[in-house]
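I opened the file to see how the chains are put together. These are my notes, in the order I looked things up.

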Amino acid sequence: MKYALFSGCKSAFYLPQYRTSSKVVLSSLEVELEELEFNCCGYPLRSKSQDAFLLLAAKNLAIAENQGLPILTLCQCCFGSLKHADHYLKNTPKKREMIVSLLKEEGLDFKGTTKIEHILTVLANQVGYAGIEKQITKKFKGLKIAPHYGCHALRPSNITEFDNPHAPTIFEQVIRLTGAEPVEWSKRLECCGNPLWEKNDELSLGILEQKIDSAKEASADMICSACNYCQLQFDEIQKTALKKTSAEQFPSILISQLLGLSMGLSEKDLNIEANHIDLSGIRNFL
Amino acid sequence: MIFKICFSIAFAIFAVGILYRVFGFFQVAIGPETKSFSFLKRVTTFLSSLLIVFVNPVQFFRLCKSIVLDVVLQIQLLRQNFIKWCMHIFIYCGFMGLVLIHALEDYISEPLFSDYYSTLNPFMLLRNVLGVMVILGLIIAIQRRKKNIQLRLISKRPDYIAIVVLAVIMISGFLLEASKIISTPIFDEMVDEWSSLDDDELSTLKVYWQEEYGVVFPNQTIEVTQAALEEGEEINDEYCASCHSKAVWAFASYPISVGMRPMAGLFNAWRLDIFLWYIHFLSCFIGLAYLPFSKLLHIITSPISILVNGIAGQNIKKPENRATRRALDLQACTQCGTCTLHCSVAPVYKMFPNTYIFPSEKMLGLKDRSSGVASDPETAQRFSQGSFICTNCNRCSELCPVGINLQDLWIESKKELALEKMGDPCVHLRNTKEEKWSQPSKEKITIAKPKPKKELDLWESSMKAGSFSLCYKCMTCTTSCPIVGMTENYDSIGMAPHQIMHSLSLGLIDRAMDSRMMWDCLTCYKCQENCPQGVQITDIFYEIKNMIFEKEYNG
C-alpha cells in the first residue's frame, strides 16, 4: 500500500505532531507514504470563489495522478474538499474543461483517476482491523474516549462516501482495538466550531463548549479527533481562548497518537508533548 | 581628485543609508504588540541576547555552523535548486573576490602579497576568472527571471536595476582592461616612467609588445624581425616583466582587445581607457551609494537573517527581539521568488489576479506599509485580500534561502489589518450584514421579480442550486442547524436556513444575500444531509457567498 501523504496546510506549522505521529504509525502498519509538493486543498477558499477552490483541489489531484498514487489525507476538511471537487468536476463538464485547460498550462492533467482516502478509511478498509490488532502491544484499561467524527468527512455522505452519516462506526471500531472504550455522546456528530474561528469567535467557542460539556457528561476522559482543524479547536484554541484553569481543560488526542501509544510507540515519536493541553494523564491507563 | 571626491560622496551616502537602515531595524514595528517597545529597549534587548550567543557554547556552535553551511555554502539553496545555487555562488564569490583583491588592493592585496601587481599573474588571471564568474551568474539571473512565468510576474524594476548595476561594473571593467592592452599612450607613459631607453631600444621593445602583449601602434611602422624580437625580449625582461604578465592571461579582456584593434587608432587618440575608467569607478560608486536603498542591501542583511535563523529558528523568545527580527527580515528579502514558486495558494492567482497573493509581493507591500508610505485605499484593499488568502502553511519560511520567518510576518500583519478594519473579507461582509439586520428595514419588499438579474440567477448558473425548488418548508434544516440552536435572537442571523430556501423560491435572492446566516454557517452539512427532499442547502450557501464576494470585491 502506497499513498501520497496530504498532511494539509495546518499540520505543517500548527499541528506538526499529527504529521509526524501518523507517519510512524502508518509505517509500522506497512503503509508506505510519499510526500509530494501539494498545494492548499482549496477548502479555505470555498466561501470566496468556487473556481479558486476547484483549481487548487484539482491541481492536487493532478499532482497525485501524475505519480499514479492515491491520496491519504490527515485532515477531514482536506478530505471533504478533494472529494467534493472530484465529484463536482466529474459531473460538470464545462467547469472541468476550464480547470483542465488551466492545469495544462502547468503541464498537468485531470483525468479523475486519483483515489482519495482519509487516514481513518485507510486504517479501517485498507489496513483492516485485524491488521491493526496484530500491531497492538499495550491495551488501554478503563480509558473512555469521545470520538469526534468531523463534519467534512462525514457529510455530504453521497459525495464523501466515508461512513453511514447518521450512525457511523468506523472511528469507534478503531478505538476499541486499542482497548479504550468509545463513549456514546450526544454531540458526537456535531461540528467542532472551528470554521467560525477568527470569523465569529463567540459562536465558535460556544459550539466548542457544548462539545466539551457533552463529552464530559458522557464521562469521557478525552476527545479523540482525526482532523487538523478539529484538533486545533479542541486543543490549542480551547487552551488559549476558553480561559479555563488547567484542571478544567479537557484534553483531545489525535487518532494517530492514540493508536501509536497502544502500538508501543514512544511518546517522543508520537510528539505527545506538542499538544497544548497536557496529555500525560493517559499514561495511567496503559 | 575627482575619484576621491566621488568616492567620498558615495561613501557618505552609503554610510548614512546604512545608519538609517540599522536605525530602522530597531524602530520599524510590525504587529500590534510591538508598538509599545521603545527604540532603546529594543537595542538593549538585542545586545544582551547577542552577548548570550557568544557566551553560550551551544548557541556559539550553532552560529559557527550556520556561518559555514548556510551563509558561505548556502546549503539550503543547493538542496532546492542547483542552477540557482550556481547563480548565487558565481555572483557572490566573483564579486566578493573582486572587491577584496581588486577594489581594495591598496588595503588588502598589497600589504598581504609583497609581489602584488594588478598586471601580474596570478592576480591578473584571477581578476578575469572572478569577473567571468559574475557575468555568468548575471546571465543565469536574467534567464531565470525571463523564463519562469511566475518569476516574470514578480520581477520588477529594482530587480533589474541591481542586475544592470552589476553588469555595467563588470563589462566596463573588462572593456577598460582591453582598452589598456591596446593603448599606445599608456605604453609611452610607462616607458617614460620606468625606463631610459634610446630610440633603437624603444623600437625593439615596441616590436616585442606589439607581438606579445597586444599593444597597437597605429600610424607607426613596426618591423617585426626575429632579431628585434629577441632584443625586445631582453629589454622586456629587464624593465617590464617583473610587473607584467603576458596579456593573453587576461583571457576575457584579451580577446576583446583583439576585437578593438581595427579601431585602435581612434580609441587611443580619444583615450578610450580614461573614459572607461570613469565609467568603471563611477558605476562602482553609484552601486555603493545605491546599496542601502536597493535590493543589494541584502548583501549585508541576508547573512544576518540567515544567522538569526540558524541560531534561533522560528522561536525567538523575547517579544522585543521578535519585533527587531521582523524589521530586519523585511530588508533581508532578496526577492528571489522561492517562496512564491512554492506557495501553497499561489495558483489562485489565475482566479484572482492580485499579485499580493504571492509571498514575495506581500513582502514588498509590507515593506511599504511599515515604512509609513500611505498607500491608496485600493492597494490597501488588495493587500488585505491577498493576505487573507494565505493559509499560514509555513512553507515559505521553511524554504526561504535567507531564513526569513515569513510566517511570523503574515500572522502579525494580519492582526494589524484586522485592527485597521481591513481583516478577512468574509468577516467584513458578515459584519456589514449584521448592521443591516440589527436595524429593521423600512423598505417595501418587492416580491418575485419577473426578470431576475442574470448573474444572480441560481437556476441558470448552478448545477445543484435548482434543487431549492424542491423545498416544502418542513424546517428539518433549521431544526438540525447548530447555529440556529445557539441563537436566541433570530434577528441576529437574519434568516434561518428554511427561510433562505423559501426566499430563493420567491426569487428574493437579495434577501438571502443580506442574511448574516450565510457567514455564520459552519458548513457542517447537517442541513443538507438531513433534508428529506435532497436540497443541497450548504452548497447553495457556498454559491451565494461566492456571489456576494464577487459582487463586493470583483464586481
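Before using any domain bounds, I noted that they come from an automatic or database domain assignment. I also kept in mind that this is a predicted model.

**Chain A, domains.** Chain A has domain 1 at 2-118 and domain 2 at 136-285. I get 24 Å between their C-alpha centres. Where they touch, domain 1 of chain A puts in 24 residues and domain 2 of chain A puts in 25. On the domain 1 side, I found that α1 (9-13), α2 (16-28) and α4 of chain A each give at least two residues.

**Chain A, sheet.** Next I traced the strands. Chain A has an open sheet of 4 strands, paired in parallel, and I read the order as β2-β1-β3-β4. The edges are β2 (32-34) and β4 (116-118) of chain A, each with pairing on one side only. From one strand to the next, the twist averages 40°. Then I checked one pair: β1 (residues 2-6) and β3 (residues 71-73) of chain A run parallel, with 3 bridges. Leu5(A) has Leu72(A) in β3(A) as its bridge partner. I also looked at what lies on the sheet. Helix α4 (residues 76-91) of chain A packs there and touches β1, β3 and β4 of chain A. The direction of α4 makes about 160° with that of β4(A).

**Chain B, overall.** What secondary structure does chain B have? I count 31 helices and 0 strands. Its radius of gyration is 34 Å, whereas a compact globule of 555 residues would be near 24 Å. The box around the C-alpha atoms of chain B is roughly 115 × 60 × 40 Å along the principal axes. Of the 555 residues in chain B, 39% are buried. I also looked at contacts in chain B with a separation of 6 or more: 75% of them join residues 24 or more positions apart.

Last, I went to the interface.

Technical notes
Residues are numbered from 1 along each chain as its sequence is written. Chains are lettered from A and ligands numbered from 1 in the order in which they are written. This is a predicted model: local features need pLDDT of at least 70, side-chain atom pairs count only at pLDDT 80 or more; totals for chains, interfaces and linings use all residues. The radius of gyration is taken over C-alpha atoms; the globule rule is 2.2 Å times the number of residues to the power 0.38. A residue is buried if 20 or more other C-beta atoms lie within 10 Å of its own, exposed if 12 or fewer, and partly exposed in between; C-beta atoms are placed from the backbone. Two residues are in contact if their C-beta atoms, placed from the backbone, lie within 7 Å. Two strands pair if DSSP finds at least two bridges between them. Axes are lines fitted to C-alpha atoms, for helices over the stretch in contact, and angles run from 0 to 180 degrees between N-to-C directions.
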